[in-house]
Amino acid sequence: MAETDKDDLIGIIEDTIELDKLPTLLPLMPVRDVVIFTDMLLPLFVGRDRSVRALEEAVDKGGYILLCAQKDPSVEDPSSDDIYRTGTISRVLRVLKLPDGHMKALVQGLTRAKIERYTRKRSFFRVKAELISEPEVKEIGVEVEAAMRNARDHSEKIMALRGEMTSEIRGILDSIQEPGRLADVISSNLRMKIEEAQTLLDIIDPIKRLSKVNELLLREVELSSIQAKIQSNVKDEISKNQRDYFLREQMRAIHRELGDSDDKSQEINEYKRKIKQAKMPAKAKDEAQRQLKRLEQMHPESAESTVVRTYLDWLVEMPWSRSSKGKIDIVRAKKVLDSEHYGLEKVKDRILEYLAVRRLNPKLKGAILCFVGPPGVGKTSLGRAIANAMKRKFVRISLGGIRDEAEIRGHRRTYIGAMPGRVLQGLKQCGTNNPVFMMDEIDKLGADFRGDPSSALLEALDPEQNFAFSDHYLNLPFDLSNVMFILTANITDTIPSALLDRMEVIELSGYTEEEKQIIADRFLLPRQIKENGLKKRNLSISATALTEVIRAYTSEAGLRNLERELGATCRKAARNIAEGQKGPFKITRRNLEKYLGVPRFYPEMNETENQVGLATALAWTSAGGEILYIEAILIGGKGDLIVTGQLGDVMQESARAALSYTRANLGKLGITKSVLDNSDIHIHVPAGAIPKDGPSAGIAMATALISALSGKPVNHKIAMTGEVTLRGRVLPIGGLKEKAMGALRAGIRTILIPDQNQRELTEIPVKIKRKIKFLPVKTMDDVIPLTISGIQ
């Protein structure tokens, strides 16, 4: 303790008192993070009000105080329950009052004592204590001597490992001959938890206490040995690194004297050249130069230098100012689109309009188009054709199943293996800042605890924001406004509304049979002939055979399965040639089964006659339009409704609405009430293993239900679509074009549609309207006479 002035010194107590004459009514001061042992000399900083008062009381009443450990050091104002019952009566040797009102005391532990009761608790603790007398060891036997020697040896070893061993400490340990006192002296210098130290204080028997100390010493020796080994290894590694650094600096100085440049200098100069060539914005250039200065000061083999190098590589390789050049030629663009895609006139017109505006206004911000349609209709290949027509690079990424926001925005550089998001990765790969950027499967984005990728896409896609898109890895604004983003989806239902609002949706509903024949003849078959190693003269498919492939072996809105079937015929021909057969091979409708097997689909309707309780509905799925059969039968019961076929909530509500409409109009429909009261109605929609939902099957359900109750058959040549209300009104539906094409593939030639959907007939190709008769209906009163004969 430093020397102080007399004014600051409250009291110095030097009298010695015999232990059996110590007072038993004492002030109590709880101490934190330490347990006081006998003969332990310790400075204490006292700041709590209760503790200051207890210390002042002790100084005034003879200098003795009971010090007990606090169970939880975090408790600022402990109660009696927060203090251990066993402590040490200590002598206050010196007290110093600090300027801030706190006190510093030097105390010495004298003897153990146990709290009998608290006599005061308000301003400070005062207790009645019971002195604990330690049993006397009359004779130190061989075992006790061995335990004491073991304790001394372990203590010296620990002190040596810490670098604290001196001859004075060794002399003190050798001079102590009482086992209990030796245990206390060693305990006061061991690094223990409060609970372990209190356990030692509670052990009264000196032999048992010494044995417990030996156990703790053994553990401390092991810990100190491992710690010393770790420190030694770290020191050796630091020394090696310092030596290597010194040698490298010498080599660098030698290279400079010889006029040569070392590897690090070459690397720095190379980065400077690349930064200059990259033509970055001012902010990005400043950051690159700052990181380059950091790299110059780093050890070339350090982990941090690798992170900085990777970051600099990304900065200099990003296309900050590199763009695809080329004058937009509308006539050429139209030829390119027509040569690579047949049909899709609406899509082509929109693309040519964009190019025309772009030619007149080069500063136009990038458009965001979203192609929506079933699989295989050419969404991705159309994006590639657009890039070709615009003479731009093409980049494609798939967003299906992505759940991590970092896939879009990138990872922060603090993470191991961090890298930019897929948007900037695509731009780096293509090498320009104005490519045609296609994002496939936007409707299949996910979201979980790692973030919402669709929200991150808002900044990347929105023309009002993406001029300064910030990736977490680069942490610099990058201009995406020159990028033409094209997104694809099968349906729009799962696309978030905020994202959908920023896109121009263009629907690709599918191809008619005639369009498929032309596409197969012009594009698909020649490509499969080439990919399977054939020549055009080796294989030919007649027009009737091609029509049969489309009708009997595929049932889709797109072209993928059609191309697979054509590929199968080419493989069979290739095998025949490889086995020595001579061509050419002509595939006709007669020998088609030899190449493709038995037909898998039947374009004509499955039901060839009118049946009671069977109506044909139209459905719109992600794979295009298709027909759906609604079955209804009567079984004995009490008028209950049974609905099966994995129907969703909306379809089940449509079934209940159809039943309610029928109940309300029994007389008009010619159905007796007794039939409905004595029968349960079972509505089933095959196939039962496929989940189904949507409102557009309402009038088909009502028709099947009325047919079953009246016993009159439904016209099987008519399909229908529309939602029904309780009053029998027919509400509009979506996907009319897709449903019409699905009906045409199934051989249906007459469709009932809601009256409000008539305006959408202009979007349906003329070839389809020539083959299908569309009958608009407003209410069920219009539907029933057209579908069920005998009911007006």
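Which residues are buried in helix 25? Taking buried to mean under 20% relative accessible area, exposed over 50%, and partly exposed in between, with a 1.4 Å probe and protein chains only, the buried residues of helix 25 are Leu-736, Glu-738, Lys-739, Ala-740, Met-741, Gly-742, Ala-743 and Leu-744. The model is predicted, and local features need pLDDT of at least 70, side-chain atom pairs count only at pLDDT 80 or more, while totals for chains, interfaces and linings use all residues. Residues are numbered from 1 along each chain as its sequence is written, and side-chain values use heavy atoms, with hydrogens and water left out.

Helices and strands are DSSP runs numbered from the N terminus, helices being H or I with at least four residues and strands being E with at least two. Helix 25 spans residues 736-745, and because 8 of its 10 residues are buried, this helix is largely enclosed by the rest of the structure. Just after helix 25, Gly-747 takes a positive phi of about 90 degrees.

From this helix we turn to the charged side chains. A salt bridge is counted where a side-chain nitrogen of Lys or Arg lies within 4 Å of a carboxyl oxygen of Asp or Glu, and the structure holds 30 of them. One of these joins the side chains of Asp-338 and Lys-348, with an N to O distance of 3.0 Å. Asp-338 belongs to helix 10 (residues 330-340) and Lys-348 to helix 11 (residues 345-360), so the pair ties together parts that are 10 residues apart in sequence.

In general, an α-helix has 3.6 residues a turn, so residues three or four places apart point the same way. The side chains of Lys-673 and Asp-677 meet in a salt bridge with an N to O distance of 2.7 Å; Lys-673 is exposed at 54% relative accessibility, and Asp-677 is partly exposed at 30%.

Beyond such pairs, a network of salt bridges links Arg-112, Glu-134, Asp-184 and Arg-209.
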